[in-house]
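Student: I am new to this structure and would like a short tour. Could we look at it together?

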Amino acid sequence: MRQRRAIGWTVTGAVVAMAAALLVAVGPPQAPPVRTAAGHRWITDDQGRALVLTGLNTASSAKSRPDGLPWIKEADVQREADELGSDFVRLLIQWRNVEPRPGEYDDHYLAQVAERVRWYGARGYHVMLDMHQDVYGPAVKGNGAPAWATEAEGLPVAAQGQWELTYLEPGTVRAFDNFWGNRTASRDLRGHYAAAWAHVARRFAEDPAVLGYDLMNEPFGGSVQGPAFEAGPLAALYRQTITAIRAVDADSWIFVEPEAVSANWGLPSALPYLTDPRGDGGTARIAYAPHLYPLPMDLGAGYTGDAARWVDRTLASWREQTEKTARRLGAPVLIGEYGLDITLPGAPRYVAKVRAMAEDMGAGTAYWSNDPGSWAPWDQSLRPTPLLPVLDRPQPRVIAGDPLSYAWDASARTLSVSWRPKDGVRGDTEVYLPARDFPRGGVVEGASAGLWDAKSRILHITSGGAGPQVVSVRIRPKA
């Protein structure tokens, strides 16, 4: 989503009003969640192993380029794999490029997206395609929707120094209202959106690198906000789009986001349980992908002083509300965006804290973003920034069973991982050990170490068959 100005910690009246209006959200009746030994579901691979997804968003540049493609070349993907050891990417695509004219799809654009998916897939990445929007679309000074699907009815949209406030401009609100059906548009815009997603899913259904689809970036309800939006128009769009995708792709994961303006700041979500046509319970493949931008940081503050204390309270609230919603959805959690300007005071500590929280939650993460600059692991000259060693963190990549816990203790130079073996799960647990912490690989206590791949820095750990036992390992650097 982001590229913010460092404007200080002054909350405008409009932003406060939006937050205050969303302090209470009551969800619809809950479906019983499906739990693993760790207390929640996990995104799994085709061997049944739990995936611990970490990576970057690629890329903000796709939002403004006419071709809707990120800045990267294949060498940039290789550098990311070498320097970060990541195995996941949230790859931005644009509705305006998928469907440039009503009902007409640009398969050349999707072929170019597929080429970039191949770059990642060849290096073992899992790719989540994200239909990205901010401020609806270019016709109202945003990105995402094509001009033909933007019905602002001539209402004005003035540029704002604080870009999020462009959401509140009359033309932007009217465009969203016509999309969501809060007003009667000239076309069935939600139907077009769902059909566009079905076209994308049909193209990538058999691509082994594509893990799934993030249905909409940071939804905004126009004149309808809070529970009325999430349980109403947003849930309706998700149900329609899930059904359309499942007609052409029965297996990929589908990721849903809450209303951004509340959930990003740790407020409750009213997103209801969403049925997957492939089945409920353990067979459903719907995951919850909220974003995390604590309010002081959303306005340009760092992680220090009063701002840090406010951020810590927000993180606690965000985790509580995220886990409540995930239980209601019966869904795994992936933090689809988090990040900040790494030059701000305390920024590396904040990123490390979010990663540690995600480990404790068992949530995947996608940092915003890989665009060279002060928010990224590399600067405009592609030299490492202080963010890179914070993100390049020892961790499991896949766990052969139900994960119980995993955590990296930098002071003790020890990675701890525990899980319960499970019937039907095949393959080893795979752990990433970066060279900065494990220059010669790792020594394993508690299980049998298998293959060590020095190039990928992956250590394979075997744990025997299924049973009630718990496998707990500790991995320290090899002397």
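Student: How many strands form the open sheet, and in which order?

Tutor: Eight strands form an open sheet in the order S7-S6-S5-S4-S3-S2-S11-S9, with parallel pairing. Strands are DSSP runs of E with at least two residues, helices are runs of H or I with at least four residues, and both are numbered from the N terminus. Two strands pair if DSSP finds at least two bridges between them. Please note that this is a predicted model, in which local features need pLDDT of at least 70, side-chain atom pairs count only at pLDDT 80 or more, and totals for chains, interfaces and linings use all residues. Residues are numbered from 1 along each chain as its sequence is written, and side-chain values use heavy atoms, with hydrogens and water left out.

Student: Which strands stand at the edges?

Tutor: S7 and strand S9 (334–335) do; each has a single partner strand, so one side of each is left without a neighbour in the sheet.

Student: How many bridges join S2 to S11?

Tutor: Strand S2 (residues 54–58) and strand S11 (residues 364–367) run parallel and are joined by three bridges. Thr 54 has Thr 365 in S11 as its bridge partner.

Student: Changing topic: where does Glu 169 lie?

Tutor: Glu 169 is in the loop between strand S4 (126–131) and helix H6 (170–180).

Student: Is Glu 169 buried or exposed?

Tutor: Glu 169 is buried, where buried means under 20% relative accessible area, exposed over 50%, and partly exposed in between (1.4 Å probe, protein chains only).

Student: What does the side chain of Glu 169 reach, then?

Tutor: That side chain reaches the backbone nitrogen of Ala 158 at 2.8 Å.

Student: How many salt bridges does the count come to?

Tutor: The count comes to 26 salt bridges. One of them joins Glu 153 and Arg 174, with the closest N and O atoms 2.7 Å apart. This pair links distant parts of the chain, 21 residues apart: Glu 153 in the loop between S4 and H6, and Arg 174 in helix H6.

Student: How exposed is Glu 153?

Tutor: Glu 153 counts as partly exposed because its relative accessibility is 45%. Arg 174 is also partly exposed, with a relative accessible area of 21%.

Technical notes
Lys and Arg count as positive and Asp and Glu as negative; His and the chain ends are not counted. A salt bridge is a side-chain nitrogen of Lys or Arg within 4 Å of a carboxyl oxygen of Asp or Glu. A polar contact is a pair of N or O atoms within 3.5 Å; within protein, one must be able to donate a hydrogen and the other to accept it, and residues adjacent in sequence count only if both atoms are side-chain atoms.
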